[in-house]
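Subject: Handover of a structural model

Dear colleague,

Please find the model below, passed to you for your files. My findings follow it.

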Amino acid sequence: IRAAVSGILQVAIKHRAIATNPVLDLDDIDGGRKQPRGLTAEERRRLLDFLDHDRAARRRDLPDLARFMLGTGVRIGEALAVRWCDLNLDGIQVDGEDTPVPVVAITHTITREPGRPLQRTTVKTAAGNRLLPLPAFVVTMLRARRTELYGDEDPVFPAAGHSGLTWRAPAVVQGWIKVARENDAVQLGWMTSHSWRKTYLTALDDERGMTERAKADLAGQARFLKDVYVSRGALHPEAAAFIEAAFADR
């Protein structure tokens, strides 16, 4: 909010409507950032067990979506933008790997502007455009859900529209997650879909065999100055094995 207001006032200064930017005189807001929090192994088991057995959660397709996001670390809009043609479940051959690596291409996200329908738009940054290896439990789930009803251009996690399968609204899914997290069997009132992303990234961070460069690639983020100068976009197939091992108790 502070940055947005400051930017607006800078435009006012440019047009000589005001002389100075009062935002620059504001004191810093105390309190600090909240510490990132992902799901523990016990919390993850509790959540997935509930989603698997709750009728409403199954009807809303939350069990498979939760597993996909936990296994890839993608943002909710990115997950809902994935089409079947963005997946290669048979895998691609990677130098140094004996077997093909199943992957998903993350290139788009689902957004909505006021007064307009849902849009599938390209990700905002070059870092966000990435190829992610899929752990075995995600591949198994995706193979099980693929049916003849789906075309290659159809969303993997669709909503039913008047003319067939269509994009699902992230805000609607966030509301469903909020309902699930408040259930007495779950008791994760702080959890959001972004907590699933943090769970994935925490599992990667715990793996000391991966470089910071590899972790930044998988997160789809550029955090350090050296990112400007270091080649990006490697697949890092070892990440799928790390996630598979970390979530072996799922």
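Predicted model: local features only at pLDDT ≥ 70, side-chain atom pairs only at ≥ 80, totals over all residues.

Residues are numbered from 1 along each chain as its sequence is written, and side-chain values use heavy atoms, with hydrogens and water left out.

Two packed helices are described by the angle between their axes and the distance between the axes. Axes here are lines fitted to C-alpha atoms, for helices over the stretch in contact, with angles from 0 to 180 degrees between N-to-C directions. Helices (H or I, at least four residues) and strands (E, at least two) are DSSP runs numbered from the N terminus. Angles under 35 degrees count as roughly parallel, over 145 as roughly antiparallel, 65 to 115 as roughly perpendicular, and the rest as oblique. Contact means heavy atoms within 4.5 Å. Ala, Val, Leu, Ile, Met, Phe, Trp, Tyr, Cys and Pro count as nonpolar, Asp, Glu, Lys and Arg as charged, and the others, Gly among them, as polar.

Helix α8 (residues 193-205) and helix α9 (residues 212-219) have axes that come within 10 Å and cross at roughly 165°, and the two are therefore roughly antiparallel. On the α8 side, Arg197, Tyr200, Leu201, Leu204 and Asp205 meet Lys215, Leu218 and Ala219 of α9. This contact has 5 nonpolar, no polar and 3 charged residues.

With helix α10 (residues 238-246), the axis of α8 comes within 10 Å and crosses at roughly 105°, so α8 and α10 are roughly perpendicular. Tyr200, Ala203 and Leu204 of α8 touch Ala239, Phe242, Ile243 and Ala246 of α10; the contact comprises 7 nonpolar, no polar and no charged residues.

Helix α4 (residues 62-72) packs on α8 at about 40°, with the axes 7 Å apart, which means that α4 is oblique to α8. Here Ala66, Met69, Leu70, Gly71 and Thr72 of α4 meet Ser193, Trp196, Thr199 and Tyr200 of α8, giving 5 nonpolar, 4 polar and no charged residues.

The second largest pocket

The lining of the second largest pocket divides into 1 nonpolar, 7 polar and 3 charged residues. α5 (76-81) and β3 (108-111) each supply at least two of the lining residues.

Alanine 159

Alanine 159 lies in strand β6 (residues 159-161). Apart from neighbours within four places in sequence, alanine 159 is in contact with Gly164, Leu165, Thr166, Trp167 and Arg168.

Yours sincerely
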